[in-house]
There are 2 protein chains.
Amino acid sequence: MKRITLLSLMIGLLIQGCHQQEASKGEGKSLEAIFPKGNKGPAELFTGNAYNIGLVPNDSVYHTVVGNVYFEPGARSNWHTHPGGQILIITDGEGYHQIEGKPIEIMKKGDVVKCPPNTRHWHGASPDTGLQQMYVVTNTDKGIVEWMEPVSDEVYNSK
Amino acid sequence: MKRITLLSLMIGLLIQGCHQQEASKGEGKSLEAIFPKGNKGPAELFTGNAYNIGLVPNDSVYHTVVGNVYFEPGARSNWHTHPGGQILIITDGEGYHQIEGKPIEIMKKGDVVKCPPNTRHWHGASPDTGLQQMYVVTNTDKGIVEWMEPVSDEVYNSK
């Protein structure tokens, strides 16, 4: 019986080992981060927790600003415009984008969304899933961004 | 003894199960793809296998072209210039970038590399690891790309 008890213990340890592998695979469900998380966006410009990292600063050669925002679930930008337009590239998660007067559109990994110059819009995560979102601000010789009021819960929850 | 044989068999199956999990985790070493693979670049413009997918076509609003290239190990572009400049964003793998007259620089996940307007350069994968590389061509009102000769093995292997 001692042998059988020892074997049972070994089986137990093996099962535990397999479960630990499952758990570490489960962690892979968190969003894939390509860039460092960056700094928390200010409450005057974002609802909830959004973290921004700049990747390409504005200059007079490329006229383009690039960066990445990680939106926690429920987080979103205020309404704003870009004088030269903006391109959003989703690298993981699920988010919302709305151009004023149009329905909220869902954005997922691999989606590319454009917002024309001087057009009011907002973007952020969906309520239950975060969003990894690169932004490319174009024609920055015309300006980068003009910030406006927060997106109300009523508007955000209208999806 | 029959019990012990049965337990040994169970242990064997559990060990096999664990190894199968290891194997499927090992597959995760292949590069993370955010976008569809796209179409193979022509041999006149690329050495080796490079696959391009366009994400934002040229227009008169954004003046920006965005796309993704997956370079298999050893694959690279020909020498070329961009009249309005280019920004490269690496989302996975390892690659090379060289501006003429400068050393080859290694690019990895999360790196952002710029090439000024009208400057000869080439980019591609490292010899042993592929590259997932987004490109942002800026100021496309000045032009998009001018293609030149292939990168010789001597230049490519000089890293």
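Is A:Tyr51 buried or exposed? A:Tyr51 is buried, with a relative accessible area of 14%; buried means under 20% relative accessible area, exposed over 50%, and partly exposed in between, with a 1.4 Å probe and protein chains only.

This is a predicted model, in which local features need pLDDT of at least 70 and side-chain atom pairs count only at pLDDT 80 or more, while totals for chains, interfaces and linings use all residues. Residues are numbered from 1 along each chain as its sequence is written, chains are lettered from A and ligands numbered from 1 in the order in which they are written, and side-chain values use heavy atoms, with hydrogens and water left out.

**First stop: aromatic rings of chain A**

Over all chains, the structure holds eleven aromatic pairs. Rings of Phe, Tyr and Trp (its six-membered ring) pair if their centres lie within 6.5 Å; planes under 30 degrees apart count as stacked, over 60 as edge-to-face and the rest as tilted. The ring centres of A:Tyr51 and A:Tyr70 are 6.4 Å apart and the planes stand at 20 degrees, so this pair is stacked. A:Tyr51 belongs to strand E3 (residues 50-56) of chain A and A:Tyr70 to strand E4 (residues 65-71) of chain A, so the pair ties together parts that are 19 residues apart in sequence. Helices (H or I, at least four residues) and strands (E, at least two) are DSSP runs, numbered from the N terminus.

Next, display A:Lys37, which lies over the face of A:Tyr51 at 4.2 Å from the ring centre. A charge sits over a ring if NZ of Lys or CZ of Arg is within 6 Å of the ring centre and within 35 degrees of the ring normal. A second example is A:Arg76, placed over the face of A:Tyr156 at 4.3 Å from the ring centre. Then select A:Phe46, A:Phe71 and A:Trp147, which ring pairs link into a cluster.

**Second stop: strand E7 of chain A**

Select residues 86-99 of chain A, which form strand E7; 13 of its 14 residues are buried. Two strands pair if DSSP finds at least two bridges between them. The partners of E7(A) may be visited in turn:

- Strand E11 (residues 131-137) of chain A runs antiparallel to E7(A) and is joined to it by seven bridges; A:Asp92 has A:Gln132 as its bridge partner there.
- Strand E10 (residues 121-125) of chain A is also antiparallel to E7(A), with five bridges; A:Tyr96 stands opposite A:Gly124.
- Strand E9 (residues 112-115) of chain A is joined to E7(A) in the antiparallel sense by four bridges; A:Ile89 faces A:Val112.
- Strand E8 (residues 105-108) of chain A pairs with E7(A) over four antiparallel bridges; A:His97 has A:Glu105 as its bridge partner.

Zoom in on the hairpin that E7(A) and E8(A) form, with five residues between them. In its turn, A:Gly101 has a positive phi of about 90 degrees.

Seven of the seven residues of E11(B) are buried, so the strand is largely enclosed by the rest of the structure.

Within this strand (residues 131-137), centre the view on B:Gln133, which is buried at 0% relative accessibility. The side chain of B:Gln133 makes a polar contact with that of B:His123, at 2.7 Å. A polar contact is a pair of N or O atoms within 3.5 Å; within protein, one must be able to donate a hydrogen and the other to accept it, and residues adjacent in sequence count only if both atoms are side-chain atoms.

E4(B) and E11(B) pair in the antiparallel sense over seven bridges, and the bridge partner of B:Val66 is B:Val136. Strand E7 (residues 86-99) of chain B is likewise joined to E11(B) by seven antiparallel bridges, with B:Ile87 also paired to B:Val136.

**Last stop: B:Val66 and the cysteines**

Select B:Val66 in strand E4 (residues 65-71) of chain B; its relative accessible area is 0%, so it is buried. Leaving aside residues up to four places away in sequence, B:Val66 touches residues including A:Ile87, A:Ile89, B:Gly54 and B:Met134, where contact means heavy atoms within 4.5 Å.

Finally, display A:Cys115 and B:Cys115, each buried with a relative accessible area of 1%. The structure holds zero disulfides over all chains, a disulfide being a pair of cysteine sulfur atoms within 2.5 Å.
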